[in-house]
Amino acid sequence: MIRQRLPQQLCGAALKSSRVCFFVSSLFLALSIEFIKLVLTHKSFLFCSILAVISTFIIIILSPIDSDERKLSLAEQKLFKKVSILLSLFFLGIYFILLMLKIWNCAASVGVGIVIPALLQIPCLFRRNKKPTS
């Protein structure tokens with residue numbers, strides 16, 4: 001039962017098919033690994049830092065994302081908003097500490113780890129603005 005729910009929980013309501021979810025997740029993971037290698041190869045930590053800061057603001061502004069299958073209560077929305085803000089700022093702080101300590105491999109990985117959830121929230125922004133047709 002858990003295995004049947006897991007793909008939909010990971011991909012959200014946007015990707016109904018577990019095959020599509022698997023393909024998109026695999027592609028996204030491969031692109032993330034390539035981006036980490038690109039940052040480490042070209043030492044483009046300024047670009048990665050800008051993306052991490054922008055991504056943190058995207059997460060803070062857009063979180064939590066509500067699902068059509070299960071709407072969040074007001075208490076859950078407030079709690080998840082606080083948790084997303086705290087975790088986003090925590091990991092952004094960790095990213096900059098790793099940069100200051102010149103632990104490049106970890107910094108690039110944490111930076112990409114901040115960018116990924118923000119990228120995953122962008123399609124939900126378009127779904128929010130979509131007006132129902134009737």
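Helices (H or I, at least four residues) and strands (E, at least two) are DSSP runs, numbered from the N terminus. What you have open is a predicted model, where local features need pLDDT of at least 70, side-chain atom pairs count only at pLDDT 80 or more, and totals for chains, interfaces and linings use all residues. Residues are numbered from 1 along each chain as its sequence is written, and side-chain values use heavy atoms, with hydrogens and water left out.

**Start with the whole chain.** Switch to cartoon view: you'll find 5 helices and 0 strands, giving the pattern α-α-α-α-α along the sequence. Now think about burial. Buried means under 20% relative accessible area, exposed over 50%, and partly exposed in between (1.4 Å probe, protein chains only). Of the 134 residues, 25% count as buried. A contact means heavy atoms within 4.5 Å. Among contacts with a separation of 6 or more, 63% come from residues 24 or more positions apart.

**Select helix H2, residues 18–42.** Show the side chains of Lys37 and Glu34, which both sit in this helix, 3 residues apart, or about one turn. They form a salt bridge (a side-chain nitrogen of Lys or Arg within 4 Å of a carboxyl oxygen of Asp or Glu), and their closest N and O atoms are 3.1 Å apart. The structure holds 1 salt bridge. Lys37 is partly exposed at 45% relative accessibility, and Glu34 is partly exposed at 44%.

**Next, H3, residues 45–62**. How far apart are its end C-alpha atoms? They are 25 Å apart, which agrees with the 26 Å that its 18 residues should span at 1.5 Å a residue; the expected span is 1.5 Å times one less than the number of residues. Buried residues of H3 include Phe45, Ala52, Ile59 and Leu62. Cys48 is buried too, at 0% relative accessible area. Jump to Cys106 and you'll see a partly exposed cysteine, at 40%. A disulfide would be a pair of cysteine sulfur atoms within 2.5 Å, and a search of the whole structure finds 0 of them.

**Step off the end of H3 to Ser63.** This residue is in the loop between H3 and helix H4 (74–100). Is Ser63 buried or exposed? Ser63 is buried, with a relative accessible area of 8%. A polar atom of its side chain lies 2.8 Å from the backbone oxygen of Ile59. Leaving out residues up to four places away in sequence, Ser63 touches Ile58, Lys81, Ser84 and Gln121.

**Move along to H4.** Its 27 residues should span 39 Å, and the end C-alpha atoms are 39 Å apart, which agrees. Colour Ser84, Ser88, Leu92, Tyr95, Leu98 and Leu99, which are buried here. Just after H4, select Lys102, which takes a positive phi of about 60°.

**Finish in the core.** A nonpolar core is a set of buried Ala, Val, Leu, Ile, Met, Phe, Trp, Tyr and Cys residues joined through side-chain atoms within 4.5 Å. In soluble globular proteins, nonpolar side chains tend to be buried together. The largest core here has 15 residues, and those with the most contacts inside it are Val39, Phe45, Tyr95, Ala107 and Ile114. The elements giving two or more residues to this core are H2, H3, H4 and helix H5 (104–129). Which element gives the most? That's H5, with 5 residues. For a last stop, select Ala107: beyond residues up to four places away in sequence, Ala107 touches Phe45, Tyr95, Leu98 and Leu99.

Definitions and conventions
A polar contact is a pair of N or O atoms within 3.5 Å; within protein, one must be able to donate a hydrogen and the other to accept it, and residues adjacent in sequence count only if both atoms are side-chain atoms.
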